[in-house]
Amino acid sequence: MRTYIKQLAVAFFLALGASRAATAFETETHGLITYNAYLRSTIAGEGPASTRRAFGLDRLPLEHPFAPGWFTVQSETGYFDNTPVAQPYAYPPAYPSVTTFVRLPQRYEACQMETLQNVGWFGTGDGLDNVSADLSIQNWLIRGAIREDDVRDPFYSQKSSCEVRLPDTDPHGNIMRVFNHFYDPVHDASLAHGGAFESKSVDWALGVLDSFAAVPVYDATRRNHFSYADVRHNMWLALTDQRGAATLPYTSAARTADAKNRLFRWATAFRSVGDVVHLLQDGAQPQHVRADAHAPYVTSQAQQVYEYYTNRRVTIAPNASVPGYENSYLAGFFRLDERVRPPPPELGAYPTPMFSTPVRFFTTRQQGEGPEVSTLSRHGLMDYTNRGFFTAGTLPDLSGNGFPQPPIPIDESQGYVKSNAPCRLSVPIADRLTARCAHWTRTVLDTVAPGYVDELPAVGAPPLAAPPLVTESALGLVQDILGTPMAPRYAIGLEELETMGNLGIPRAIAYSAGMIDFLFRGRMTLSAPPDGLYGVLDQGTPHTVLDGVPILNDGSDRTFGFTAIRVRARNSTGDENGRLTESGSGRVVPQTMKGGVDDNGHATGMLVAIARYHRNPCYRNDLSGEYVASLNPDFTSQDPFVPSGCQPEQTRSNVPEISVSKPVYIDAYGGLPGPLPGATNPCANVGNINTGAAGDCEHDSALLEFDFGDDPIPVNATDLFLQVAYRGQLGEEHDGIAVGALDLVEPQYFTSWNHTDWYLYEDQWLRPENVPDPPGPEVAEAVALEDLSICFGHQLIGHLPLPAQLAPAEFARVAFLTDREEVQLGTVAKFAGGSTVARAAAGPITFPRQWSEEYTNSFVSTPWYYGRGTTLGLDLTLYYQYFTGSWWLFNFAEAAALTPPLGSASAPGIPRALTASFSGLPHPLCETHFAEQSAAKTDGPSRRTLPTVIPQRAGGPEPEGSGG
């Protein structure tokens with residue numbers, strides 16, 4: 001027996017005094033945890049309610065979503081390393097005052113991902129089959145999780161099992177990031193290293209001065225440029241960044257550069273999420289929450305062994321040869337053969353937790369709490385780990401332990417159960433002697449999912465009923481036999497190492513998934529304005545086209561497009577009641593949006609509208625750049641073509657672009673500021689973003705009007721989506737972001753022209769002077785139209801006021817935005833010196849110009865119908881008046897096949913300018929001439945119900961019936 005004790009003791013001393021330090025950095029383990037957290041998160045979904053769809057990421061390629069799709073060199077994908085900004089809520093968005101560095105993904109991270117794939121942790125079909133080049137969302141997360149452990153040389157030489165030892169250097173100077181990865185939630189302390197206190201990991205992770213302050217303040221001098229604060233900042237820039245728009249004209253080249261920057265911002269945001277969840281995952285490693293340093297060269301191998309051993313469990317493939325141990329603590333103290341295969345860690349299915357602020361995922365400690373406050377009712381990951389486990393540097397009999405949990409002394413009175421089981425030894429220590437090890441087990445309190453069943457290592461038969469927390473060391477056996485006090489009495493054995501991994505890793509996965517879900521939880525529900533009209537534009541406004549960008553001719557160099565957009569929006573963050581229920585406590589927290597002023601005096605609670613689109617670079621103001629199907633005089637259609645000579649695939653730019661509105665700020669209760677100056681609708685910007693509007697404006701969503709005057713939505717937009725993004729307080733989060741999205745039909749055109757210069761007589765189109773036996777001299781001649789008005793439903797949207805007239809063959813045209821499949825439009829005008837005539841069109845929007853992906857080389861637009869020099873935006877549903885004999889009849893768009901084209905002789909194809917606006921309110925003129933559908937009749941060959949009564953022209957025949 002004494003020989004046996006001596007052998008164990010010698011081995012133990014040799015282990016403690018070994019001079020070679022093993023690596024302590026567990027980047028592959030973090031990669032595995034992060035990948036599985038991604039799979040559990042909402043960002044991995046692809047359904048209608050997926051995070052990717054709300055944030056506009058669903059149309060990007062899964063493998064390389066943030067690689068500029070118009071580039072051919074994959075290496076031209078990167079992320080930003082920017083210094084902090086002091087004004088996160090500034091408009092336009094604030095940019096760093098110093099150089100923003102672009103950094104590229106490295107082989108260093110890809111190598112470690114390949115290691116995990118080769119082991120079998122990444123299955124086929126997960127988008128990781130070519131991980132060395134894969135730049136998917138999950139890989140950006142993993143890259144951040146790996147690179148958060150960046151250190152200074154020479155420590156990289158032992159950092160990874162890959163052949164690639166060095167990543168790119170930090171452009172701001174390499175630092176030991178790992179010294180900022182510790183936080184003791186009992187004593188509110190960071191790691192003491194070299195006599196200087198490093199940052200608390202919670203502050204380092206969140207990028208704030210004090211994570212527990214009532215209103216956390218971003219650290220404007222923070223050295224961590226991939227913190228939670230940077231996630232938020234880069235998310236916002238990914239949604240809204242347009243620094244090139246500050247210089248007019250906003251050229252195609254500047255738009256392309258901004259589009260690339262937005263993709264890089266998304267990559268930076270997800271890389272930063274990976275850094276944040278790395279730090280959260282460290283909360284499942286007991287040494288990180290008990291201030292137990294374990295870096296190489298400066299600590300014992302007993303302290304270094306946990307991360308090293310756990311990483312071996314992650315990186316050794318089932319069918320691969322097992323490398324020898326590089327840690328003499330394992331090979332010596334545990335007497336392990338160098339070729340023993342460690343068991344893989346348990347990933348488990350721990351339920352995903354949710355909390356009301358990011359710091360509460362780490363710890364639910366409250367500001368000002370000290371070690372005298374019990375940790376037994378806390379729910380953060382650090383709280384669970386801190387109270388549940390000992391570490392090699394905080395063993396129960398070491399002086400300065402200072403932790404109330406797990407309780408000491410180690411005996412039955414504290415709920416421990418002693419278990420004697422065969423030691424995990426690969427060879428007998430002495431002949432005819434089988435060593436047995438004593439483990440002290442105790443249940444680890446879980447306040448979030450107490451019913452979750454953990455997987456424990458089997459150290460004997462039957463398996464342990466509770467986690468083993470410490471084992472009695474060889475010196476402890478000497479003390480018992482000889483009665484001689486010797487320390488340490490306890491040690492962390494293989495079973496304890498495996499238990500910490502099996503309990504910690506499933507929770508690290510779940511908490512990381514919860515943090516990702518929390519970051520992307522903000523949602524808004526968007527819906528159409530009451531009349532379905534989002535915006536209107538006079539297409540006759542003088543403009544030109546510069547490098548595919550429509551530009552106003554007024555000398556402002558501004559884009560010609562929609563300057564006002566209305567949409568209904570409501571905060572829909574949280575459950576169906578707008579709430580979040582915290583895990584563990586069950587505390588219900590309303591996820592309301594609130595305005596206010598931040599610590600720098602800047603207004604918060606900001607709403608902006610974002611139009612996402614491509615452009616038709618072939619656009620011309622006579623619409624000759626559209627892809628059209630023309631009509632012959634015999635009413636047969638020609639093959640589709642682009643009149644200006646472009647190819648159909650050239651009518652959609654490769655580069656995705658955005659336009660961003662001016663912000664709308666809410667008050668401290670979520671209330672909207674009221675109508676904009678000059679607004680014609682009293683309900684616009686009235687109500688509450690959380691609950692909708694009441695009173696005369698009652699609706700479950702608020703009607704928002706956004707000003708795009710500084711950044712119009714181009715008239716030639718295609719693939720058009722509308723987003724509303726919010727930034728400000730969201731529930732209890734100081735700086736939240738919420739987004740909603742709607743798919744709009746691309747700008748549609750409604751044309752109204754004076755067609756009195758042609759008539760249909762016995763199936764033949766004739767000039768008025770060639771019409772035999774005309775109905776009357778007042779009718780059988782081309783006359784001017786005056787006081788022209790265009791109606792969208794009962795709303796007036798365009799007007800040609802007196803004394804302007806529309807001569808024969810001249811026309812006016814409006815462009816409009818809607819999301820409806822069918823709309824009703826109409827024209828009301830007067831014959832010069834005569835009676836009023838009204839025409840209506842009610843039909844489907846059949847010309848979407850949208851592709852299913854942002855980047856594609858196979859785009860083919862749906863052709864529009866093109867006749868008489870103008871595009872008809874409503875398919876074959878416009879009705880034009882003509883005479884045959886003495887009867888009023890109605891025809892379809894075949895009349896548009898006539899030549900010459902519409903327009904004046906000096907400007908063929910160019911519409912007359914109108915006054916275009918929209919209010920959403922009924923107008924008496926439109927209500928008078930466009931009655932309810934129930935009053936309509938069917939007349940002539942129209943094949944449609946026409947909701948308009950057309951008055952008789954002076955001197956003309958009585959109409960056969962009502963029509964449009």
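A residue counts as buried when its relative accessible area is under 20%, as exposed when over 50% and as partly exposed in between, with a 1.4 Å probe and protein chains only. The structure is a predicted model, in which local features need pLDDT of at least 70, side-chain atom pairs count only at pLDDT 80 or more, and totals for chains, interfaces and linings use all residues. Residues are numbered from 1 along each chain as its sequence is written, and side-chain values use heavy atoms, with hydrogens and water left out.

Select Phe66 first. Phe66 is buried at 1% relative accessibility. Aromatic pairs join rings of Phe, Tyr and Trp (its six-membered ring) whose centres lie within 6.5 Å; planes under 30 degrees apart are stacked, over 60 edge-to-face and the rest tilted. The structure holds 16 such pairs. Phe66 and Phe270 form a stacked one, with 5.7 Å between centres and 15° between planes.

Move to Trp70 and Tyr855. Their rings pair edge-to-face, 6.0 Å centre to centre and 70° between the planes. Trp70 is buried, with a relative accessible area of 18%, and Tyr855 is buried at 13%.

Finally, select Arg271 and Phe226. A charge sits over a ring if NZ of Lys or CZ of Arg is within 6 Å of the ring centre and within 35 degrees of the ring normal. The charged end of Arg271 sits over the Phe226 ring, 3.7 Å from its centre; that of Arg612 sits over the Phe721 ring, 5.1 Å from its centre.
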